[in-house]
Number of protein chains: 2
Amino acid sequence: MLADTVRDLTQMLGDQALITDPDDQAPFLHEWRDRYVGKAAAVVQPRTVDEVCRVLRFANDNGVPVVPQGGNTGLVGGQTPDQSGNAILLSLARLNRVREVDTVGGVITVDAGVVLQTLQDEADKADRLFPLSLGAEGSCMIGGNLSTNAGGTGVLAYGNTRDLVLGLEVALPDGRLWNGLSKLRKDNTGYDLKHLFIGAEGTLGVITGASLKLFPKPKGMRTAMIGITSPHEALKLFSLMQEVAGPALTAFEIMPRIAIDFLTRNMDGVRDPLEGEHAWYVLAEISSGRGEGDAEALLMQSMETSFEDGLVEDAVIAQSLDQANMFWAMRHGLSEAQKPEGGSIKHDVSVPVAAVADFLDEAIAAVVEMVPGCRPVPFGHLGDGNIHFNVSQPEGADRAAFLANYETMNERVHAITTRYGGSISAEHGIGQAKRDLLPGVKDAVALALMRTLKDAIDPKGIMNPGKVLADSR
Amino acid sequence: MLADTVRDLTQMLGDQALITDPDDQAPFLHEWRDRYVGKAAAVVQPRTVDEVCRVLRFANDNGVPVVPQGGNTGLVGGQTPDQSGNAILLSLARLNRVREVDTVGGVITVDAGVVLQTLQDEADKADRLFPLSLGAEGSCMIGGNLSTNAGGTGVLAYGNTRDLVLGLEVALPDGRLWNGLSKLRKDNTGYDLKHLFIGAEGTLGVITGASLKLFPKPKGMRTAMIGITSPHEALKLFSLMQEVAGPALTAFEIMPRIAIDFLTRNMDGVRDPLEGEHAWYVLAEISSGRGEGDAEALLMQSMETSFEDGLVEDAVIAQSLDQANMFWAMRHGLSEAQKPEGGSIKHDVSVPVAAVADFLDEAIAAVVEMVPGCRPVPFGHLGDGNIHFNVSQPEGADRAAFLANYETMNERVHAITTRYGGSISAEHGIGQAKRDLLPGVKDAVALALMRTLKDAIDPKGIMNPGKVLADSR
């Protein structure tokens with residue numbers, strides 16, 4: 001059966017398109033943290049949209065599970081097959097054409113396998129901005145970003161990935177191609193299909209292409225690192241900066257003092273950004289469409305008002321692009337800087353923006369009560385209500401003993417999150433990691449609707465089985 | 001059978017909830033232009049979400065068609081039952097509570113039957129902006145706006161109705177209630193269900209409530225009426241103004257000279273806004289988050305640059321709120337001002353923004369060739385690529401003879417629209433008016449997918465049968 005699959009697909013696509021050697025397959029089957037490892041009958045690398053459709057038709061006819069994959073940077077195991085070795089891993093990496101850049105209309109149309117950074121660069125060359133930005137941008141692919149509705153640091157001003165999409169091209173499980181590429185800002189001709197596939201993590205079909213919004217490039221940017229006493233003040237500062245800068249406030253990230261300690265200790269070239277120590281830090285960014293002077297003025301005005309209001313203890317405005325980049329490197333380096341500190345129990349949660357500070361108070365108290373001495377390092381996108389609630393082990397404690405609390409701590413934090421009307425996966429998705437948590441937190445009718453949609457669009461259940469929803473076969 | 005329906009529903013909801021007298025039913029069954037007139041076994045007016053669910057469960061069990069209705073202001077007959085009299089008309093008008101206004105988080109949660117203007121007023125009272133705005137706002141209801149993904153004049157800066165939604169509450173055809181109300185800016189826990197119901201025109205379920213985004217109120221606004229030679233220059237002016245004002249450019253509407261003639265002739269109190277006559281007019285609006293002076297400065301800078309570039313022939317900036325309101329009254333009064341000029345053949349189309357001018361050239365030439373002497377009055381949201389391509393009859397011609405060209409002219413204009421990658425319904429939806437046009441213009445796979453979704457979510461086909469998709473029973 002597996003041999004048949006490989007033989008038939010080789011016949012269809014040529015042997016250059018298939019990888020069957022386990023060593024050569026390894027980069028596709030090992031998730032980068034080695035948290036998820038899978039097996040596959042073959043790694044299949046189509047070169048055209050038509051080949052993607054033919055592979056799916058074959059898989060549907062023969063009941064072969066298909067696991068689509070972009071840059072293999074996902075954090076919830078959505079891109080990794082199970083251990084059976086029955087599935088084919090469908091890599092979109094060779095579908096990597098930038099199809100069109102429409103500067104006047106502000107639309108870029110790309111294949112799914114285009115690396116996010118390439119897409120950003122293409123926009124930049126056209127003097128436009130593609131605002132999706134996240135740590136993995138050098139290797140993640142836009143098809144994966146779309147399939148997981150990726151978040152990142154640009155959400156505050158530009159929205160989630162789904163908000164950047166004008167049109168989509170999707171190969172359906174039975175091999176039909178839906179051409180929903182569009183450059184239209186307004187179109188009310190029937191159900192909105194694109195939003196069904198965005199964020200579906202490859203369980204309803206394979207995104208092969210997309211038309212995406214481009215934005216005017218900011219003409220001036222200013223970044224500040226701000227010392228503050230608590231998330232409650234951070235929330236007030238956020239309101240104040242939105243009031244002053246409006247849509248020009250393009251980032252508002254928060255981190256606790258311990259994050260700065262971890263960074264100065266574990267990351268080369270990082271110095272304490274402010275003179276004294278502060279309980280919390282905010283990384284704020286202003287992007288002006290008018291110019292450097294305007295960005296500077298907006299930031300200065302925000303800072304002056306917040307000093308007067310006693311909201312801010314200290315602040316430093318980056319004096320060069322290098323310094324701004326260093327602030328961002330600190331923010332992006334946080335996960336890495338946590339590693340030398342031992343085991344870490346992680347959560348990717350969101351709550352309503354107005355509830356972030358209360359949530360943090362409560363969740364921090366809860367995990368410290370649970371494991372005395374543990375070191376909470378909650379950081380993230382306060383402006384979106386999205387906190388990466390990471391908890392490092394107590395200093396000198398046994399790593400394994402601490403990590404034994406993983407599930408119970410997740411349960412506790414997720415319960416608090418849910419009580420605030422929050423989400424247990426703000427931006428990483430469900431994949432295999434959180435699949436079995438969903439029934440505990442999600443509206444039962446929503447889950448039933450998801451199952452109805454899955455069964456209707458992928459009746460044979462070949463698309464990324466066992467991800468998001470349990471495999472029903 | 002019909003008598004049974006009325007009896008059972010009366011038993012369930014009390015006789016205050018049902019209207020069976022034809023005269024009392026008339027306001028619900030006649031669309032305001034009398035273009036669509038339907039019959040109903042009863043007009044049912046539930047007072048609670050639970051009652052909506054019970055009505056649907058009953059209808060689903062008994063195969064009774066259900067036509068949901070908000071303010072009865074739709075333009076494509078989506079809210080009007082057929083002539084059989086088998087359906088019940090489900091009015092959401094009594095579900096009219098504003099459930100919560102969250103000023104800090106910027107979220108308003110409302111029942112489906114809240115009138116749009118009430119919603120705007122509630123936001124205003126909280127010193128916030130709910131930016132959806134359209135001609136019918138005094139009577140249309142938010143549930144209908146959501147079900148049709150209404151457009152309006154705020155789309156350029158704030159997006160379509162779907163972009164304003166954080167969460168949704170929907171009664172499913174079988175009476176289950178999906179509680180998808182949410183205040184979260186980020187949530188990646190499974191398929192995005194809300195976008196499926198938004199714009200589905202009541203064919204998949206009944207939206208009973210929604211949580212919607214609020215925005216900071218602009219602190220300064222300036223409106224200008226600008227004389228210009230052609231849509232090609234208008235497109236350049238649009239780029240220039242976006243470059244200068246960025247997201248502060250909140251409206252960019254276009255109309256031809258003949259629209260001004262119709263307005264001065266047929267609308268009380270309207271004077272020619274500029275001294276000379278110009279082939280085309282642009283109504284541009286700047287909304288600054290900073291203040292009046294800033295709005296003024298942005299508009300002045302745009303105008304100075306565009307005069308220097310020779311883009312603009314003449315322009316007047318409204319010197320008072322009254323004058324600004326008059327410019328907007330002209331824009332909103334255009335449909336009304338067309339009426340005394342005789343029959344009008346209408347199109348609600350959109351094309352990619354960069355193609356608007358070419359589209360207009362071609363479509364105007366086509367209709368004039370078709371009916372010599374006809375008077376094209378294409379106006380609308382150039383910034384969204386959305387043009388209300390209306391064509392008034394030749395002066396003194398026979399109304400009926402002109403209107404006999406309705407379908408063939410629609411066909412011709414839609415064919416041009418489609419060739420530019422456009423949409424035949426940019427903001428009004430499909431309803432019954434354009435249902436049979438869809439197969440001619442829509443991707444066949446998209447249509448098939450829509451049918452799959454309809455059959456999966458509403459297997460008995462009770463929800464608004466014959467709207468958007470043909471009734472398959």
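Two strands pair if DSSP finds at least two bridges between them. Strands are DSSP runs of E with at least two residues, helices runs of H or I with at least four, both numbered from the N terminus. The model discussed here is predicted: local features need pLDDT of at least 70, side-chain atom pairs count only at pLDDT 80 or more, and totals for chains, interfaces and linings use all residues. Residues are numbered from 1 along each chain as its sequence is written, chains are lettered from A and ligands numbered from 1 in the order in which they are written, and side-chain values use heavy atoms, with hydrogens and water left out.

Q: What makes β8(B) and β9(B) a pair?
A: Four bridges link β8(B) to β9 (residues 177-180) of chain B, in the antiparallel sense. The requirement is at least two, so the two strands pair. Among the bridge partners are E169(B) with N179(B) and L168(B) with G180(B). Five residues lie between the strands of this hairpin, where G175(B) has a positive phi near 95°.

Q: How do you know that β8(B) also pairs with β10(B)?
A: Six bridges join β8(B) to β10 (residues 206-213) of chain B. That meets the requirement of at least two. The two run antiparallel, and G167(B) has S211(B) as its bridge partner.

Q: Why is β8(B) called mostly covered?
A: Seven of the seven residues of β8(B) (165-171) are buried. Buried means under 20% relative accessible area, exposed over 50%, and partly exposed in between, with a 1.4 Å probe and protein chains only.

Q: What makes β5(B) and β9(B) edge strands?
A: The open sheet runs β5-β6-β10-β8-β9 in chain B, five strands with antiparallel pairing. β5(B) (98-102) and β9(B) each have a single partner strand, so one side of each lacks a neighbour in the sheet. From one strand to the next, the twist averages 10°.

Q: How do you know that the length of helix α17(B) agrees with expectation?
A: The expected span is 1.5 Å times one less than the number of residues. For the 14 residues of α17(B) (444-457) that gives 20 Å, and the end C-alpha atoms are 20 Å apart, so the two agree.

Q: What makes D443(B) a cap of α17(B)?
A: A side-chain oxygen of D443(B) lies 3.2 Å from the backbone nitrogen of V445(B), at the N-terminal end of the helix. A polar contact is a pair of N or O atoms within 3.5 Å; within protein, one must be able to donate a hydrogen and the other to accept it, and residues adjacent in sequence count only if both atoms are side-chain atoms. The distance is within that limit.

Q: What covers the buried residues of α17(B)?
A: The buried residues include V445(B), L449(B) and I457(B). The cover includes β9, α7 and α17 of chain A, with α7 and α16 of chain B.

Q: Why is E341(A) called buried?
A: Its relative accessibility is 10%, under the 20% limit, so E341(A) counts as buried. E341(A) sits in the loop between α12 and β16 of chain A. Beyond four places in sequence, its contacts (heavy atoms within 4.5 Å) include F262(A), R265(A) and R375(A).

Q: What is the phi of V468(A), and is V468(A) buried or exposed?
A: Phi is near 65°, positive in a residue other than glycine. Most residues other than glycine have a negative phi. At 2% relative accessibility, V468(A) counts as buried.

Q: What area do chains A and B bury between them?
A: About 5,900 Å², 59% of it on carbon and sulfur atoms. Buried area is the accessible area (1.4 Å probe) that two parts lose on being put together, summed over both. K186(A), N188(A) and Y191(A) lose the most in chain A, together 18% of what that side buries. Each chain gives 72 residues to the contact.

Notes
Axes are lines fitted to C-alpha atoms, for helices over the stretch in contact, and angles run from 0 to 180 degrees between N-to-C directions.
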